[in-house]
Amino acid sequence: MSGIGANIRRQRERLGWSQARLAREVCRAAGVTGDPVGRQEVSRWETGKRTPREWLPFLAAALGVPVDTLAAPQTAAEPPLPTLADFLPAEDPLEPLRGRTGGRLGMGQVDDLQQRVHGLRLADDFLAGGDLMRPALRELRKAVRMFREHSYSELTGRQLLVQIGELAQIAGWIASDAGQHEEAERIYRLGLSAATQAEDRTLAGNLAGSLAYQLSNIGREVEGLDLSRAALDGAGPDAPPKARALYLDRVAWAATKAGGTENAQHAMRALGEASQALSEDSDGIESPSYLYWVDAGELRVMESRVYTELRRPLRAVPLLREVLSEYDATHTRELALYLSWLAIAYADANEPEEAAATAERMLTLSADIASERTAERGRVVLARLAEYADVPEVRAVLDSAAA
């Protein structure tokens, strides 16, 4: 990152502006119409891929600082921590077409899209990624075409971007569950672009946190931890308590997967902060509808998973048993996933018979679920049970799985 680029980003973040907002303010300061400067151009300035040159005076005017402040060399000893802007797509997948032929949209069409997005999210509670992948992608492509090909008011356009962001979050989650990780990452980044352009920091945090969760689970732990922290910071201290609790949970998981004593301590702190954040929620505080599932039970699930990953079964087992005793049995995929953690925790506690019984139940539940995430957890459980292959109950589970 160049000195000018770092200074532009620092001043933009001081004002709490998105890159899209700064682009609009620069055009306004220059007195030009249209969009000769867009979010992508601001991103290129900040990353040093381009130099503002003739736009520098207008950048300074928009940011309310002297030109010298932007041109001054960097003196910081350490590079800045990544922000959400660093994870946006290289090119803008939502750039409207110059010649829009799709007619004019109103809020009615956006409301219809919102209902379909919510229906898809509820379907994900009961169906796996392999079952929902095609309808999710179909809805996402349709929504992007609406944004690019139609005309609309500024308010309608912003609400359409919000719905594209929400749709991308659930579509990305579905793709990830189906094992389509590259596709999921592309979808998440598209959604992050939409949420950023809509200046919805809470939604941007949800998308970034979802991608961070995937990265942490597929061997890209350092990226996952950086992005989970950026998601939390980007959402800001004024995010709804449920949102902060969720983003802190994702930081805890990313730190756990990253490994090491320091990260384990970081994970424990994040879990405590997540619980504190959720305790600040109340009926009078409005949260986005997509956070309907975030509650104390979900925080206990993450806490138990962290303890399992850290090989602390005496803490993990009671938490998981409590959660499973209260869990809705119709949510088969989640039930199977949580049972997989309990099986591992029993194995770590040197209780192979209990581990075998739990694993058998988990494998039976997941047999007909089109979820690569669940299948992978089954493989992890069987590999852990193999260490107790001489125990008859374990041997029976291993033989059954092999058959």
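Helices here are DSSP runs of at least four residues, numbered from the N terminus. The model is predicted.

The second largest pocket has a volume of about 1000 Å³. Its lining comprises 29 residues, and the closest to its centre are Arg24, Asp35, Pro96, Phe147 and Gln197. Three helices each supply at least two residues of this lining: helix 2 (19-30), helix 3 (39-47) and helix 8 (154-177). By residue class, the lining of the second largest pocket divides into 13 charged, 11 nonpolar and five polar residues.

Gln19 belongs to helix 2. Gln19 counts as buried because its relative accessibility is 2%, and the cut-off for burial is under 20%. Beyond residues up to four places away in sequence, Gln19 touches Arg12, Arg39, Val42, Ser43, Glu46, Ala85 and Leu88.

The nonpolar interior was examined next. In soluble globular proteins, nonpolar side chains tend to be buried together. The largest nonpolar core of this model has 107 residues. Those with the most contacts inside this core are Leu94, Leu140, Leu160, Ile164, Leu167, Leu227 and Leu385. Helix 16 gives the most to the core, with 12 residues. Another core lies apart from the largest one. This other core has 17 residues, among them Ala23, Trp55, Leu63 and Val65.

Leu140 illustrates the contacts made by a residue of the largest core. With neighbours within four places in sequence left aside, Leu140 is in contact with Ile164, Leu167, Ala168, Ala171, Ile187 and Leu190.

Helix 16 spans residues 332-348. The helix is mostly covered, with 16 of its 17 residues buried. Just after helix 16, Asn350 takes a positive phi of about 60°.

Positive phi values also occur in two loops. Arg53 lies in the loop between helix 3 and helix 4 (56-63). Phi of Arg53 is near 50°, a positive value in a residue other than glycine. Arg53 is exposed because its relative accessible area is 62%, and the cut-off for exposure is over 50%. Glu199 is found in the loop between helix 9 (181-197) and helix 10 (201-217). Although Glu199 is not a glycine, its phi is positive, at about 60°. Glu199 has a relative accessible area of 33%, so it is partly exposed.

The relative accessibility of His266 is 16%, so it counts as buried. Leaving aside neighbours within four places in sequence, His266 is in contact with Leu225, Arg229, Val251 and Ala255. Gly224 is 42 residues from His266 in sequence. In space, the C-alpha atoms of His266 and Gly224 are 14 Å apart.

Definitions and conventions
Residues numbered from 1 in each chain as written. Predicted model: local features only at pLDDT ≥ 70, side-chain atom pairs only at ≥ 80, totals over all residues. Heavy atoms only, no water. Buried < 20%, exposed > 50% of the residue type's maximum accessible area, 1.4 Å probe, protein only. Contact = heavy atoms within 4.5 Å. Expected span 1.5 Å × (residues − 1). 1 Å grid on protein atoms, 1.4 Å probe; cavity = no way out; pocket = protein on both sides within 12 Å on 5 of 7 lines; lining within 4 Å. Points joined across faces, edges and corners; volume = space filled by probe spheres on them. Nonpolar A, V, L, I, M, F, W, Y, C, P; charged D, E, K, R; others polar. Core = buried A, V, L, I, M, F, W, Y, C linked by side-chain atoms within 4.5 Å.
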